[in-house]
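Here are a few friendly notes to read alongside the model. Keep the structure open and find each part as we come to it.

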Amino acid sequence: GAEVLFQRKKSSGFSAAKAVQDHMRDWMYGTDEGNWVSMGVISDGSYGIKEGMVFSFPVTVKNGEYTIVKDLPLSEHQKEKIQLGIEELLEEREMTVSLLNDDAETTSNG
């Protein structure tokens with residue numbers, strides 16, 4: 001059991017490192033013509049994501065600049081997953097703001 005957990009943690013760490021490597025490669029060298037990748041970038045309002053929110057979008061990259069791929073067809077399942085992601089990000093933001101406010105109050109009263 002412990003060995004499986006150990007290997008999974010190693011695998012998970014490698015997977016995250018590989019994802020970072022792939023992201024940086026795409027950002028630096030660009031995407032192949034006709035292909036796109038997913039990147040967490042600032043929303044321009046595409047796909048119903050509130051403008052300014054950082055979210056994963058399909059993008060092309062050229063000369064270090066990304067462009068959000070517009071109007072890809074989305075299934076109902078994909079739309080539901082996007083909405084769930086939005087809700088989770090908004091909840092995390094609210095928790096963070098609350099923690100920062102609590103910390104600021106503690107610091108000013110302390």
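This is a predicted model: local features need pLDDT of at least 70, side-chain atom pairs count only at pLDDT 80 or more; totals for chains, interfaces and linings use all residues.

1. Start with the strands. E1 and E2 run antiparallel and are joined by six bridges.

2. Now move along to the next strand. E2 also pairs with strand E3, which covers residues 65-68, again in the antiparallel sense, over four bridges. Here Val 59 has Ile 68 of E3 as its bridge partner. E2 and E3 form a hairpin with two residues between them. In that turn, take a look at Asn 63, which has a positive phi of about 55°.

3. Read from the N terminus, the order of the elements is α-β-β-β-α.

4. Next comes the nonpolar core. Which residues make up the largest one? There are eleven: Met 39, Val 41, Ile 49, Met 53, Phe 55, Phe 57, Val 59, Val 61, Ile 68, Ile 82 and Ile 86. Strand E1 (37-42), strand E2 (54-62) and helix H2 (76-109) are the elements that give two or more residues to this core. E2 gives the most, with four residues.

5. Leaving aside neighbours within four places in sequence, Ile 68 is in contact with Val 41, Ile 42, Asp 44, Ser 46, Tyr 47, Phe 57, Pro 58 and Val 59.

6. Asp 26 lies in helix H1, which spans residues 2-29. Is Asp 26 buried or exposed? Asp 26 counts as buried because its relative accessible area is 11%, and the cut-off for buried is under 20%. Beyond its neighbours within four places in sequence, Asp 26 is in contact with Thr 31, Val 37, Met 39 and Val 61.

7. Finally, some totals for the chain. Of its 110 residues, 17% count as buried. The accessible surface comes to about 8800 Å², and 56% of that belongs to carbon and sulfur atoms. Among contacts between residues at least 6 apart in sequence, 36% join residues at least 24 apart.

Terms used:
Residues are numbered from 1 along each chain as its sequence is written. Side-chain values use heavy atoms; hydrogens and water are left out. A nonpolar core is a set of buried Ala, Val, Leu, Ile, Met, Phe, Trp, Tyr and Cys residues joined through side-chain atoms within 4.5 Å. Buried means under 20% relative accessible area, exposed over 50%, partly exposed in between (1.4 Å probe, protein chains only). Contact means heavy atoms within 4.5 Å. Accessible areas come from the Shrake-Rupley method with a 1.4 Å probe; for residues, only the protein chains shown count as cover. Two strands pair if DSSP finds at least two bridges between them.
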